[in-house]
Amino acid sequence: MVARMSERLQAVVFVVVLGLAIAGLYAYIQVSQPPPVTASGVVRVSLLIDGAAWTISYGPVETWNNTAYSLLLEASTTLGFPVQAVHYSIPNGVFVTSINGTTNGQDGRYWQFWVDGAYPQVGADHVALADGDTVTWRFITNQGGNA
Amino acid sequence: MNVRWRAALERGLGDRKTRMLGLLLIGLGALGTIVMRSDANFETVFVASLVAGSVLGRWWTVIVPMAILAIVEPVLWGGPYAIYSSHVILGLTFFIVTGFLFVGIVGRRLKPRVVFRVKSIALLTTVSIPMTIAYDLWTDVGEYAFIARPMGLTFWNVLEAQVPFTLYHLLSSLIFVPLFGSGILMLHALGWPHAEEATVPAEPADEP
């Protein structure tokens, strides 16, 4: 015959099991977060922004802004066009919502970006640029195609 | 107020303690979600809806999720949802509202088994896991219909992208369901400490 656990023992067992479940899930989530990009100098990086009805070109430049997002902000400051973005802590990353007044959702289009033709699976602030890279931002309806 | 209406209100909203707990759940649910709005899928509407149905029952099953969403959704429309057009926001809101209503109603079905015991907290926490997954699947249908399909994506693409977000949502449920559940159940079973003190006179009354 199995003895019934006291209420106190049940509480201890429950808290232990729950704590282990939370700790395991939290650890997995932390491990799955994209690693931060360390600032370093890159040369000959370029930016092309295709806003459907307009385009902006920037570079090639030599810069310490070595992520797709920081290069966009650098161009925004240098050329004087606005950029809006939402920052998320979980999942860690930035989501660009508007460039030069063209905002996500207009005509079912959204801002998406490519680095040298590759479509990254992480936020633009977590994509490290290498020498000679070209970042392309496009305001389009379909996803994941070629830049 | 009409006597019949008053009686219906009394039955629907319950006694003073139940009303206070209902308002507390609305406050905690709205505040928690607004404070954590930059953490995707970390929210307290789910737990407030589940606890409202399973502990308070009555009209609170519907009032709590609806009231929280009435407070929270306009805040989110101006924040993370601001990227979407109004018809997308309305479409997503339909799936969110019906999803949380479903959570409240499932909680209501558990009410007879939920008392101030460890087993009840464990039951609520266990139930919250499949409920969180079911809620996410339901809102995925909305995201597919209003965001992904117009972008040329499939429902499978939505499900794949949803996996990490459902993990965040499960973590949120595992943290907040036991916290809210035990706190509200304790208050429901034992009452408000200050209210109890106020009703007990310091000395026996001499006169009736």
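1. Basis. This is a predicted model, in which local features need pLDDT of at least 70 and side-chain atom pairs count only at pLDDT 80 or more, while totals for chains, interfaces and linings use all residues. Residues are numbered from 1 along each chain as its sequence is written, with chains lettered from A and ligands numbered from 1 in the order in which they are written.

2. Elements. Chain A has two helices and seven strands. Helices (H or I, at least four residues) and strands (E, at least two) are DSSP runs, numbered from the N terminus. Read from that end, the order is α-β-β-α-β-β-β-β-β.

3. Overall form. Along the principal axes, the C-alpha atoms fill a box of roughly 75 × 40 × 25 Å.

4. Burial and contacts. Of the 147 residues in chain A, 22% are buried. Buried means that 20 or more other C-beta atoms lie within 10 Å of the residue's own; exposed means 12 or fewer, partly exposed is in between, and C-beta atoms are placed from the backbone. Among contacts in chain A with a separation of 6 or more, 58% join residues 24 or more positions apart. A contact requires C-beta atoms, placed from the backbone, within 7 Å.

5. Helix H1. Helix H1 of chain A covers residues 7-32. Its 26 residues reach 37 Å from first C-alpha to last, close to the 38 Å expected. The expected span is 1.5 Å times one less than the number of residues.

6. The three-stranded sheet. E3-E4-E5 of chain A form an open sheet with antiparallel pairing. Strand E3 (83-88) and strand E5 (102-103) are its edge strands, each pairing on one side only. Two strands pair if DSSP finds at least two bridges between them. Strand E4 (residues 93-99) is joined to E5(A) by two bridges. Ser98(A) stands opposite Thr103(A) in E5(A).

7. Strand E7. What pairs with E7(A) in the parallel sense? Strand E1 (residues 42-50) of chain A does, over five bridges. Here Ser46(A) has Thr134(A) as its bridge partner. Strand E6 (residues 110-115) runs antiparallel to E7(A), with six bridges. Trp111(A) is bridged to Phe139(A) in E7(A). In E7 (residues 134-140), Val135(A), Trp137(A) and Phe139(A) form the covered face. Thr134(A), Thr136(A), Arg138(A) and Ile140(A) form the uncovered one. In general, side chains in a regular strand alternate between the two faces of the sheet.

8. Contact with chain B. In chain A, 27 residues are in contact with 28 residues of chain B. H1 and E3 of chain A each supply at least two residues to the side that touches chain B. H1(A) gives the most, with 12 residues.

9. Cores. The largest nonpolar core has 43 residues; Leu25(B), Ala48(B), Val51(B) and Ile68(B) have the most contacts inside it. Such a core is a set of buried Ala, Val, Leu, Ile, Met, Phe, Trp, Tyr and Cys residues joined through C-beta atoms within 7 Å. Apart from it lies another core, of 23 residues, including Ala85(A), Ile99(A), Trp111(A) and Phe139(A).

Note on methods. Contact = placed C-beta atoms within 7 Å.
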